[in-house]
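Subject: Handover of a structure and the findings from it

Dear colleague,

Please find the structure below, followed by an account of what was found in it. I would be grateful if you could read the two side by side.

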Amino acid sequence: MSAPNIPSWAGPPPDNEFELKNKLSSGPETIKFNERSHLIVGRSSSDATVTIASTTASRVHALIVHNVEDGQVYVIDLKSAHGTHIDGNRISADKPMALKINQELQFGDNQGGARYEVKSLCAKKRVLEGPREDGESKRSSQEKVKCSHVLVKHNQSRKLRSDRDPEGKAIKARSKQEAQGMLEGFIRDLKNEEITFEELAARASDCSSYKRKGDLGFFEYAKMQPSFSKAAFALKVGELSGIVETDSGVHIIKRTA
């Protein structure tokens, strides 16, 4: 089965506030992004990232996607046999529908469909008004850059797990100094042209963007953590940052547009 088309605007949310709560149906108790840009919902444990046991759900039923451009979460029905429903209304296939708090999301028909309630959404975009405390000048909410990054998590990161390390064993055993040492080695390899940034991100990054070779897409200054945005917006296109620290871990960033 071919993988679904992921929208170009998909990207990891800046927080993990989004949550769907199971309403006594077959499937996980809650559904969250956990630093992913999107979730594939369906019956197939091999093709879906969120597996539901609903008898009327398709193998690959729907996409739940975070939009980095407007900060909203969308559901997209993937031409499922029995449909995806919001508050009882079947949505059109392949058409993104924005979710709202307290809506009921149903995968499948009324008899055997899996039902979830939208309990919380990701933080909305905010517009920077006036100068920042760190001296950054006022920025337009429309100003964007496109970057890729490599994230290495450590035992002081706010989330001690990743797609590569779901139980967080390696992350919990890695000190901040060791993570910084890893990035220093990566920077040397990049400067010596021993590896491309895309290869490095795909091989070593603890962010779910490793699946896109580190690509974060376009984002506004306010979308990322302050230290990350400060470094990213200071780069010229094609330029590589030094080590950047955030609550997520330590990063190296490459501006691509």
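A residue is called buried when its relative accessible area is under 20%, exposed when it is over 50%, and partly exposed in between, using a 1.4 Å probe and protein chains only. By that rule Arg174, at 14% relative accessibility, counts as buried.

The model is a predicted one, in which local features need pLDDT of at least 70 and side-chain atom pairs count only at pLDDT 80 or more, while totals for chains, interfaces and linings use all residues. Residues are numbered from 1 along each chain as its sequence is written, and side-chain values use heavy atoms, with hydrogens and water left out.

Confidence. The pLDDT is the predictor's confidence in each residue, from 0 to 100. Its mean over the chain is 86, and 89% of the residues reach 70 or more. Residues 125-141 have pLDDT below 50, and this stretch has 24 contacts in the model beyond near neighbours in sequence; a contact means heavy atoms within 4.5 Å. Where pLDDT is low, the predicted coordinates should not be read in detail.

Arg174. This residue lies in the loop between helix H1 (169-173) and helix H2 (176-191). Helices (H or I, at least four residues) and strands (E, at least two) are DSSP runs, numbered from the N terminus. A polar atom of the Arg174 side chain lies 2.7 Å from the backbone oxygen of Lys153. Leaving aside neighbours within four places in sequence, the contacts of Arg174 include Val152, His154, Met182 and Asp206.

The sheet. Six strands form an open sheet, in the order E2-E1-E11-E10-E7-E8 and with antiparallel pairing. Strand E2 (30-31) and strand E8 (89-90) stand at the edges with a single partner strand each, so one side of each has no neighbour in the sheet. Two strands pair if DSSP finds at least two bridges between them; strand E1 (residues 19-22) and strand E11 (residues 114-120) have 4. One of the residues involved is Lys21, whose bridge partner in E11 is Glu117.

The cores. A nonpolar core is a set of buried Ala, Val, Leu, Ile, Met, Phe, Trp, Tyr and Cys residues joined through side-chain atoms within 4.5 Å. The largest has 23 residues, of which Phe18, Ile64 and Leu99 touch the most other members. Among the elements that give two or more residues to this core are strand E3 (38-42) and strand E5 (62-66), while E11 gives the most, with 3 residues. Not counting residues up to four places away in sequence, Leu99 touches Phe18, Val73, Val75, Ile86, Leu105, Val118 and Leu121. A second, separate core of 14 residues includes Val152, Leu183, Leu190 and Ile252.

Helix H4. The buried residues of helix H4 (residues 226-234) are Phe228, Ser229, Ala231, Ala232 and Phe233. Strand E12 (144-152) and strand E13 (215-220) are included in what covers them.

Pro12 lies in the segment before E1 and, at 14% relative accessibility, counts as buried. Cys207 is among the contacts of Pro12 and is buried at 8% relative accessibility; Cys147 is buried at 0%. The structure holds 0 disulfides, a disulfide being a pair of cysteine sulfur atoms within 2.5 Å.

Yours sincerely

Note on methods: Polar contact = N/O pair within 3.5 Å; in protein donor to acceptor, adjacent residues only side chain to side chain.
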